[in-house]
Amino acid sequence: SSEGAVAAPAGRGSSGELSPQTPWPPPPEIGAFLESAELHGIPQTGDYNGPGGQAGSGLVEQSVDKARTRADAFNTFVEPYLRTRPNLAVASEGFVRRLVFDGTHCVGVEVQLNDGSLTEVRASSEVILSAGALQSPQLLMLSGVGDAKALASLGIPLVADVPAVGQHLQDHPVIPVPFTLPDNLADEFGVESIPTGTSGLNGIAFWKTEVDKQRDQGRGSESGCDMETILVSRFDPGLLVKVVVSKAEAWLSNIRSGSRPWTERAVVRLGRWLSQTEAVKKDIARTMYVATEYNHPISRGTVALRSADPLAPPLVDCAWVRDPSDLDAMVESVKKMREMLRTGPLAKFVGDMQALPGIHSTFASGPAPFFEASDAQLRDFVRHAVGTTWHYSCTARMGAPDAPLSEAALDPRLRVRGVTGLRVADQSVTPFVVSANTNASSMMIGDKAAKLILQDHRLGPFREVRSAL
């Protein structure tokens with residue numbers, strides 16, 4: 001295999017469109033992170049997606065191509081066929097306002113074009129909704145599929161009473177602990193050392209908290225690792241895009257450009273522009289952080305409509321650490337990160353703990369050095385520092401055909417219950433959030449949905465159809 005490529009032992013495929021890569025060459029701080037993790041009970045195991053299991057630490061496996069640029073779902077699975085598939089057309093910059101129903105049968109979508117005009121796109125067979133775990137339920141509710149009482153309060157005509165739509169929201173709450181390099185190492189991490197082809201996610205460690213072990217004992221089953229601790233360093237400046245989106249989210253939601261809200265593309269452009277300034281580059285080059293995301297949250301949030309206006313962003317309640325056991329688990333994870341930063345090889349990379357002013361750099365109950373904070377202060381810190389990993393899931397989740405409509409919005413074949421001609425294929429369909437980043441599982445859901453559609457419409461075996469593309 002090529003340098004940085006992930007090996008394919010028994011139990012892993014090697015012939016698909018994606019070829020995961022690890023950071024190459026691995027920067028020196030990765031070794032210090034992995035050694036510190038091992039010192040604190042997380043052994044180095046290498047391939048955490050391999051047959052040996054997830055527990056342990058290793059290099060982050062990234063969805064990048066051979067040129068070490070991002071291999072996303074569009075450029076991997078769609079773009080290669082744009083010129084060769086007569087039955088494939090991609091329209092960008094259109095805004096889907098609602099699903100169109102004839103009674104309880106979904107027949108198409110209503111789209112707002114750039115010039116403000118509206119048009120309907122009709123489906124000859126069925127509509128596949130893949131707007132993500134925040135906007136798929138929003139579109140369902142705007143179109144009359146959701147909780148009957150909530151829709152009636154907004155004057156939306158009811159198509160199907162499916163209370164599970166917008167409920168059961170799960171995410172992977174994350175706690176970042178940022179720091180800057182000490183002065184004696186700063187020169188080694190100048191702007192010129194920033195690599196390309198990586199987001200900065202370099203080292204990773206999967207482990208299990210005592211909180212989760214106790215849950216397993218109560219259930220009588222093993223649930224795998226609930227914590228995913230990562231080292232983020234040598235940022236690609238493009239990573240700042242996420243910071244801009246996170247910090248400006250509330251502000252941008254209240255600002256309209258003409259009659260339309262800010263688009264994701266506009267926010268990305270803003271982030272890219274900011275990330276190219278020399279001052280930002282310099283700060284990024286010297287900044288690292290360890291962070292832990294929590295893969296087994298008990299807390300459940302919601303996605304609700306703000307109004308019947310399709311342009312109004314939904315009301316999202318993530319409910320991070322609302323359940324006391326989630327808070328206990330995340331405090332335990334912060335203590336683990338603190339010990340990794342305080343003792344062992346990683347400690348020499350830690351300079352100023354106030355690395356990112358304004359981003360949870362002090363404790364709400366009063367300033368306190370991170371390494372001396374009490375349990376009460378750490379709990380306060382977690383409540384104020386917790387944020388999203390953008391792994392929103394479960395808001396139109398699937399379930400058994402006879403499951404209560406308050407528990408499952410879809411049947412096992414991803415069809416929306418109570419209506420016909422409509423499926424959902426994105427991360428909102430999962431019954432519970434997966435114990436890993438959601439990029440790969442979202443692609444898997446799309447792949448499985450394609451198979452189900454081919455089977456249901458008797459279009460031939462999935463493998464044969466796909467091999468002909």
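Patches are made of residues with over 30% relative accessible area and no salt bridge, and nonpolar side chains are joined within 5 Å. The exercises below apply to a predicted model.

**Exercise 1.** Determine which residues form a nonpolar patch on the surface, and classify Val90 by its accessibility.

*Solution.* The patch consists of Phe74, Leu82 and Val90. Together these residues have about 240 Å² of accessible area. Val90 is located in the loop between helix H2 (73-78) and strand E2 (95-102). The relative accessibility of Val90 is 48%, so this residue counts as partly exposed.

**Exercise 2.** State where Cys394 lies, decide whether Cys394 is buried or exposed, and describe its surroundings.

*Solution.* Begin with the location: Cys394 belongs to the loop between H11 and strand E16 (422-424). Next, consider accessibility: Cys394 counts as buried because its relative accessibility is 0%, and buried means under 20%. Then consider distance: Val429 is 35 residues from Cys394 in sequence, yet their C-alpha atoms are 5.5 Å apart in space. Finally, leaving aside neighbours within four places in sequence, the contacts of Cys394 include Gln167, His168, Gln170, Pro431 and Phe432.

**Exercise 3.** Identify the elements against which the buried residues of helix H11 pack.

*Solution.* In H11 (residues 375-385), the buried residues are Gln377, Leu378, Asp380, Phe381, Val382 and Ala385. They pack against strand E8 (174-180) and helix H10 (324-342).

**Exercise 4.** Compare the span of helix H12 with its expected value.

*Solution.* H12 (residues 438-456) has 19 residues. From first C-alpha to last, H12 reaches 26 Å, close to the 27 Å expected at 1.5 Å a residue. Among its buried residues are Met443, Ile445 and Leu452. After H12 comes Arg458, with a positive phi near 50°.

Conventions. Residues are numbered from 1 along each chain as its sequence is written. This is a predicted model: local features need pLDDT of at least 70, side-chain atom pairs count only at pLDDT 80 or more; totals for chains, interfaces and linings use all residues. Side-chain values use heavy atoms; hydrogens and water are left out. Helices (H or I, at least four residues) and strands (E, at least two) are DSSP runs, numbered from the N terminus. The expected span of a helix is 1.5 Å times one less than its number of residues. Buried means under 20% relative accessible area, exposed over 50%, partly exposed in between (1.4 Å probe, protein chains only). Patches are made of residues with over 30% relative accessible area and no salt bridge: like charges are joined within 9 Å, nonpolar side chains (Val, Leu, Ile, Met, Phe, Trp, Tyr) within 5 Å. Accessible areas come from the Shrake-Rupley method with a 1.4 Å probe; for residues, only the protein chains shown count as cover. A salt bridge is a side-chain nitrogen of Lys or Arg within 4 Å of a carboxyl oxygen of Asp or Glu. Contact means heavy atoms within 4.5 Å.
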